[in-house]
Amino acid sequence: MFVQDLRNDFYRQLVGKRILIVVNYDIDAICASRILQALFKYDHMLYTVVPIMGVTGLKRAYGEHQGDVKYVVLVNCGGCVDIVELLQPAEDVTFFICDSHRPLDVCNIYSDRQVCILGDASLEENIPAFETIFYDSEEVEDEEDDESSDQENQNNDSGAGESDAEDQPPQNRKLSRLERHEQRILKQRARRQWESERDRIMFEYTQFSYYGRSAALLVFELAWKLSKDNMDLLWWAIVGITEQLLLGKIESGAYTLELEQIQSHVSRLTNKTNDQNTMSASKICFENDLHLVLYRHWPVTESMRYSRYASCQLKLWTLRGEKRLHELLLEMGLPLVHARQTYGAMDLVLRKEFYSMVERLAEKYDIPDIVYGTFTLSYGYRSRYAAADYVYALLAIMESVKKHKTPEDCFLEASDALSRQHKQLLSAGIDQAKLQHAAIFRQVQSSLEARQVLSAGSFFYYVLQEEHAFFSCPYALGLLARFLLRGHVATSRARQAPDLPLIASCPLDAAQGMCLLVGIAPVREDSPRNFFGKAFEQAAQKSGVALLQDFFEPAVVQLRQSDLTRFLDALTVLLT
């Protein structure tokens, strides 16, 4: 069931209780959990935070803590699976789901009080009606009773005389065995038609995976309604929705619609701080910015080369593209010696005019979408970060798993990096992000030059043959796949190239022979909806391949490397 009044039906229910917060391994979830923790600390509430990476982690987390808690908050996880069926909880356990993954599981939607989904039901798309997907259990029992009564009455019917049946009035006459049999056949036929219609409705409802509203933004609105919001909580919400935009989880139109409301919160909190005659340690500003990766912390030439949009539009992995970049810098009036310096070391006048110079020439150099609206955070004299800087830094921290550094350690480090008190963690994350994006560009350059993006007719596929430190993680492999697909489309002469999706694969564990598979939507599609989750599931059934769909993102799966060719063949047949 949906819970729209978060203050009374969610937060007030938790006051004074011990709470388990299960957080998915993504930035929006981390930001939402930080806001929740700030609220719980304000009211001195006991809670436990457990990070997870998939369904297996969710089951393990609940199993370890089920004896201690009766209230569980699931952040960006659990919405798309039947929680009661998966976890088998006691009847007095209540789950509150704050999940941006869509579509939501229908059993969670129609649960009676045990599963509560935070959000507005009117904003959800195409939720099937209850009677179209759930069959009345009484009708099933009636059919079973009819069958059993038929068997009981067979002997009675054979022993009874015909005269007895003729003496009975029509309204009291029992149905003959033939009539009962006909009725049962009609009921079974109606049941089969209903099941066929239900399967069609459920397929249409679940065939695409997509994302709803940012969980961090939803939880921030709760803080606002509780009058416990501040600049830090608002900044975390901004980082959460920026992650959705940069990773292609939501359309730019949906992002733009949220900007106006976020700006009103920024103005309100800024005025509130000024009215109290106190100097705020931080300041959030809305401004138009450039889709250039970490350009405030990098030389301009490096940032443009490693940014997916600018690099693919200008084809910067080619000699012609490099020459075109130099022409752009020349026409901007930005000397090459300054463009190769770190942005912070550039001349102050050039820094102030950099945005206007790029914007002025964007149309001419076919990069019109390089400008977008975003927010920046300033504190101290030298610290100024865009929301995108935080997103890229946190992604790099989360995927810096090593032998001595577990995913839980990376999660806690990324969570700490959100705080202004841990600036050194953010700086280290930015440095790690630079290495990550440089590695992505080099891989894209070498793959396109070697023509390693192959066509299967209805989709492109790309297979990394060797295990890679960066690309063995879901987010980094997804960034590589998006860059590679856009780069291939930019250089391909095939007309259908912009309409074809891409599947990228990377070895995950050489010892076990497993590989990671990511499906990316076509470049031309404006909607970020992804059909690969359902397609992967059906291809695995047809090919008999054991597929591990443990992630809450359906288009990210694991399978044995030896089964990859057979799986891709089945997928080709399915999508043709």
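**View 1. Helices α20 and α21 lie oblique to each other, going by the angle between them.** The axes of helix α20 (residues 423-449) and helix α21 (residues 474-491) come within 10 Å and cross at roughly 40 degrees. Oblique is what is left over once angles under 35 degrees are called roughly parallel, over 145 roughly antiparallel, and 65 to 115 roughly perpendicular. Axes here are lines fitted to C-alpha atoms, for helices over the stretch in contact, and angles run from 0 to 180 degrees between N-to-C directions. The α20/α21 crossing is right-handed; a crossing gets that label if the near helix is turned clockwise from the far one by less than a right angle, and left-handed if anticlockwise. On the α20 side, the contact residues include Gln436, Ile440, Phe441 and Val444, and α21 brings in, among them, Leu479, Leu480, Phe483 and Gly487. Contact means heavy atoms within 4.5 Å. Helices (H or I, at least four residues) and strands (E, at least two) are DSSP runs, numbered from the N terminus.

A word on the model: it is predicted, so local features need pLDDT of at least 70 and side-chain atom pairs count only at pLDDT 80 or more, while totals for chains, interfaces and linings use all residues. Residues are numbered from 1 along each chain as its sequence is written, and side-chain values use heavy atoms, with hydrogens and water left out.

**View 2. Glycine 478 sits in helix α21.** Is this glycine 478 buried or exposed? With a relative accessibility of 5%, glycine 478 counts as buried; the cut-offs are under 20% relative accessible area for buried, over 50% for exposed, and partly exposed in between (1.4 Å probe, protein chains only). Leaving aside residues up to four places away in sequence, glycine 478 touches Val518 and Ile520. Look for leucine 247 too: glycine 478 is 231 residues from leucine 247 in sequence, but their C-alpha atoms are 8.4 Å apart.

**View 3. Helices α10 and α11 pack against each other.** Helix α10 (residues 215-225) meets helix α11 (residues 231-246) at about 160 degrees, with the axes 8 Å apart. That angle makes α10 roughly antiparallel to α11. Their crossing is left-handed. Among the contact residues are Leu217 and Phe220 of α10, and Leu234, Trp236 and Gly240 of α11.

View 4. Two strands pair if DSSP finds at least two bridges between them.

**View 5. Three antiparallel strands make an open sheet, in the order β9-β10-β11.** β9 (283-290) and β11 (383-386) are the edges, each with a single partner strand, so one side of each has no neighbour in the sheet. From one strand to the next, the twist averages 30 degrees. β10 (residues 371-379) pairs with β11 over four bridges, and tyrosine 379 stands opposite serine 383 in β11. Helix α17 (residues 348-361) packs on this sheet, touching β9 and β10, with its direction at about 35 degrees to that of β9. Helix α18 (residues 387-398) touches β10 and β11, and its direction makes about 80 degrees with that of β11.

View 6. Tryptophan 235 touches, among others, Ile284, Phe375, Leu377, Tyr385 and Tyr390, with residues up to four places away in sequence not counted.
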